[in-house]
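User: Hi! I have a structure open here and would like to talk through how its parts pack together. Could you walk me through it?

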Amino acid sequence: MVGPQRPQFVLFGSSIVQLSFSDGGWGAILADVYSRKADVLLRGYYGWNSRRALQVLDEVFPKDAASHPSLVIVYFGGNDSMGPHPSGLGPHVPLLEYIENMRKIALHLKSLSKNTRVIFLSCPPVNEAKIRENRSKYLSDLVRTNELCRSYSEACIELCQEMGVKVVDLFTAFQRRDDWLTACFTDGVHLSAEGSKVVVEEVLKVLKEAEWEPCLHWKSMPTEFGLNSPYDLVAYDGKTTINPSEWTFYREIQWD
């Protein structure tokens with residue numbers, strides 16, 4: 001543990017979360033946006049579904065912890081929504097069970113602290129043609145269709161509306177881009193840098209509009225050690241200094 005202790009934002013989910021710190025991923029972007037404001041922690045597990053998430057929920061988010069996260073962003077659904085394998089093995093979770101699993105996850109997270117906020121990400125679409133191209137000789141056929149993704153996304157959104165949990169409709173957000181099929185994925189399922197930008201934009205929109213106290217939008221949060229100092233960079237006049245703690249000019253996108 002290092003200090004000062006910042007608000008913690010935890011990303012909890014399957015491979016779209018685990019890979020979110022890779023190659024311009026949405027977790028890495030959020031960590032940059034919230035640098036000196038919050039610590040973004042990764043709890044992503046490749047291939048997992050909502051059943052496995054429930055098995056470790058108390059370990060990842062123990063209720064008796066000394067402190068609790070300020071924000072948890074949850075994504076499960078892409079693997080749950082895969083078609084069932086004849087053997088009964090694999091990540092598929094029936095829709096009704098998926099809804100109840102996600103309900104239990106939401107209830108657990110909301111019970112951690114009165115100041116723990118939760119955002120769910122719904123199941124995004126996939127590029128079905130790209131998935132068929134990338135078929136692996138090591139795996140059984142994977143049944144991933146946009147119709148299945150849509151049904152699990154809608155179920156997640158409906159559950160969140162019922163429970164008062166903030167939700168990002170990724171299934172719709174991706175398809176606002178005309179080039180989503182080619183631009184937003186690396187392999188038809190996992191997110192490219194362009195796909196990650198869609199996630200960040202939607203998450204920041206929720207954080208900006210949420211009527212939460214304290215506000216968790218990055219522009220409203222204090223910057224750690226942000227006070228002016230005579231040790232800051234010297235200005236052109238040679239007499240004053242310039243505080244660089246709020247600089248964002250280096251970012252490809254000036255996030256709102």
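User: Great. What should I know about the model before we start?

Analyst: This is a predicted model, so to speak of local features a pLDDT of at least 70 is needed, and side-chain atom pairs count only at pLDDT 80 or more, while totals for chains, interfaces and linings use all residues. Residues are numbered from 1 along each chain as its sequence is written, and side-chain values use heavy atoms, with hydrogens and water left out.

User: Okay, helices. At what angle do helix 4 and helix 6 cross?

Analyst: Helix 4 (residues 95–112) and helix 6 (residues 146–163) cross at roughly 40°, and their axes come within 10 Å. Helices here are DSSP runs of H or I with at least four residues, strands are E runs of at least two, and both are numbered from the N terminus. Axes are lines fitted to C-alpha atoms, for helices over the stretch in contact, and angles run from 0 to 180 degrees between N-to-C directions.

User: What does that angle make helix 4 relative to helix 6?

Analyst: That angle makes helix 4 oblique to helix 6. Angles under 35 degrees count as roughly parallel, over 145 as roughly antiparallel, 65 to 115 as roughly perpendicular, and the rest as oblique.

User: Left-handed or right-handed?

Analyst: The crossing of helix 4 and helix 6 is right-handed.

User: Which residues of helix 4 and helix 6 make the contact?

Analyst: Helix 4 brings Leu95, Tyr98, Ile99, Met102, Arg103, Ala106, Leu107 and Lys110, and helix 6 brings Ser151, Tyr152, Ala155, Cys156, Leu159, Glu162 and Met163. Contact means heavy atoms within 4.5 Å. By class there are 11 nonpolar, 1 polar and 3 charged residues in this contact. Ala, Val, Leu, Ile, Met, Phe, Trp, Tyr, Cys and Pro count as nonpolar, Asp, Glu, Lys and Arg as charged, and the others, Gly among them, as polar.

User: And how do helix 3 and helix 4 pack?

Analyst: Helix 3 (residues 50–60) packs on helix 4 at an angle of about 25°, with the axes 9 Å apart. The two are therefore roughly parallel to each other. Helix 3 passes helix 4 in a left-handed crossing. That contact divides into 6 nonpolar, 3 polar and 4 charged residues.

User: Switching topic: which residues touch the most other members of the largest nonpolar core?

Analyst: Trp26, Tyr34, Ile73, Ile119, Leu121 and Leu207 do, in a core of 43 residues. A nonpolar core is a set of buried Ala, Val, Leu, Ile, Met, Phe, Trp, Tyr and Cys residues joined through side-chain atoms within 4.5 Å. Buried means under 20% relative accessible area, exposed over 50%, and partly exposed in between (1.4 Å probe, protein chains only). The largest share, 7 residues, comes from helix 9.

User: What does Trp26 touch?

Analyst: Leaving aside neighbours within four places in sequence, the contacts of Trp26 include Leu11, Ile73, Leu121, Val199 and Val200. There is also a second, separate core of 27 residues, which includes Phe12, Val93, Ala106 and Met163.

User: How do helix 2 and helix 9 pack?

Analyst: They pack at an angle of about 45°, with axes 8 Å apart. Trp26, Ile29 and Leu30 of helix 2 meet Ser196, Lys197, Val199, Val200, Val203 and Leu204 of helix 9.

User: Now Val167: how accessible is that one?

Analyst: Val167 counts as partly exposed, at 23% relative accessibility. Val167 is in strand 5 (residues 166–168).

User: Where are the cis peptide bonds you can tell me about?

Analyst: One runs from Gly3 to Pro4, with omega near -5°, and another joins Glu213 and Pro214, with omega about -5°. Pro4 lies in the segment before strand 1, and Pro214 is in the loop between helix 9 and strand 6 (233–234).

User: Last one: which loop holds Asp23, and what is its phi?

Analyst: Asp23 is in the loop between helix 1 and helix 2, and has a positive phi near 50°. Most residues other than glycine have a negative phi. Asp23 counts as exposed, at 74% relative accessibility.

Key:
Left-handed = near helix turned anticlockwise from the far one by under 90°.
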